[in-house]
Amino acid sequence: MRIPATDILTGRRILLGVTGGIAAYKSAELVRLLRGAGAAVRVVMTPAACEFISPLTLQALSGQPVREALFDPQHEAAMGHIELARWAELILIAPASADFLARLRAGLANDLLSTLCLASSAPLYLAPAMNQQMWQAAATGENVAALQQRGVKLLGPASGEQACGEQGPGRMLEVSELLAACSEHFATDANPVPLQGVRLTITAGPTREAIDPVRFISNHSSGKMGFALAEAARQLGARVTLVAGPVSLPSPAGVSRVDVQTAEQMLTAVLAAPADIFIGCAAVADYRPELVAESKIKKQAEALTLKLVRNPDILAQVAQTSPRPFCVGFAAETDSLAENARAKLAAKGVEMIAANWVGARAAGGGFDSAQNALQVFWADGEQTLAMAPKPQLARQLLDLILSHYPGRRP
Ligand code: PMT
């Protein structure tokens, strides 16, 4: 049976409020993600928000007129503000500025968005975004506490570097986190967030095996496929640990990342992160130099012989732990893809192998490309996932894993 992993937000009516702050630019991506997940989105902006992002952008992405003004005869004739308040099943305000929190707490209704919040019985989610000092100000703290007491749900803020150059709490949560919060809100027992609470560990990228202090053995993996899987799994509600080899990709939001260099370090990090599902997407070096020279090896003889020894097979070892997770491996092949993939499925004792072409037959997929194609094998079946952008392919592979994962709650 194919598990519906994408329909939690289908047809759900979400009113997105955008207030004035630099994080307003992220609302464009949020609208895109919500609509991509099937939600109907209507956007209401405060006048200050329009200074940061054009209503036209959000109108194009939401496919609906964007509302800004409280007194707007044209819109009142179509969907008036009271009707809009009744229409919403969830009001999400992202970003929510310090000023808006204060007005909300005071119960002001001096613009369309604050009026809607008063006039609607829909649950209210706030994703604050502001300078760290403003977030930590006593007045903001009191406003937030009062709003929470009234049942308003706070999403974030996150901590980190801010647009103003300061460090601290006040960054808006990443939009994938906000999407996950919306999915969790609408999830039901009959239609749960597919990977809610599931611990999922993913390896990504290459490993580097040192020859001397300046040289190493490695491969062309960029980490894109594994990072896309980590992000997609997080969006499906999983608690994701991403064990990454040396890559130059930013961490997906809400994912716990462990950076490693070598296969042995990767094994240690993987074993330290107990999982319900393990996905081995990393291109792990099968061999490492037996000896690592302490100083740079000098150019002397005509030829240089390096003795290599086997690295641990991380995937095979994880498959032998007890209790063992549901194990999914990858196979990077230059020939006999199906035969090699099936051989790896058996030899490593895993539930699934996702095989892809690399090298001359990759046809634009494989290592370091934005897209890929997979042929997925399990004990008594297989499925082809056609060439697609890696984030889309990641989602398809997770859907396939979900339909085989026995631990999924009914
Ligand atoms: O990172 P990108 O640039 O996006 O490219 C993606 C990818 C091509 C690297 C990815 O799709 C992929 O194919 N990853 C697996 C690469 C690989 O090492 O394949 P393999 O056939 O050598 O290994 C089979 C499986 O055993 C893999 O799950 C691998 O992670 C695992 N393995 C291999 C050796 C080892 N010592 N330990 C392992 O766990």
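These legends walk through several close-up views of one predicted model.

Residues are numbered from 1 along each chain as its sequence is written. In this predicted model, local features need pLDDT of at least 70 and side-chain atom pairs count only at pLDDT 80 or more, while totals for chains, interfaces and linings use all residues; side-chain values use heavy atoms, with hydrogens and water left out.

**View 1**

**View 1. Polar atoms facing the ligand.**
Which side chain has an N or O atom 2.6 Å from an oxygen atom of the ligand? That side chain belongs to Ser 222. The backbone takes part in this view as well: a polar backbone atom of Ala 282 is 2.6 Å from a ligand oxygen, and a backbone N or O atom of Phe 330 lies 2.9 Å from an oxygen atom of the ligand. The protein covers 95% of the 780 Å² of accessible area that the ligand has on its own. Such areas come from the Shrake-Rupley method with a 1.4 Å probe.

Helices (H or I, at least four residues) and strands (E, at least two) are DSSP runs, numbered from the N terminus.

**View 2. Helix α10 meeting helix α14.**
Axes are lines fitted to C-alpha atoms, for helices over the stretch in contact, and angles run from 0 to 180 degrees between N-to-C directions. Angles under 35 degrees count as roughly parallel, over 145 as roughly antiparallel, 65 to 115 as roughly perpendicular, and the rest as oblique. The crossing of α10 and α14 is right-handed, a word used when the near helix is turned clockwise from the far one, and left-handed when anticlockwise, by less than a right angle.

**View 3. Helices α5 and α6.**
Here α5 (residues 98-106) packs with α6 (residues 112-119) at an angle of about 40°, and their axes are 10 Å apart. The two helices are therefore oblique to each other. Their crossing is right-handed.

**View 4. Backbone details to look for.**
Where are the cis peptide bonds in this view? One runs from Ala 94 to Pro 95, with omega near 0°, and Pro 95 sits in strand β3 (residues 90-96). Another joins Ser 322 and Pro 323, with omega about 0°; Pro 323 is in the loop between α12 and β16. Finally, look at Ala 363, a residue other than glycine whose phi is positive, near 50°. Ala 363 lies in the loop between β17 (352-357) and β18 (371-378).

How values were computed:
A polar contact is a pair of N or O atoms within 3.5 Å; within protein, one must be able to donate a hydrogen and the other to accept it, and residues adjacent in sequence count only if both atoms are side-chain atoms.
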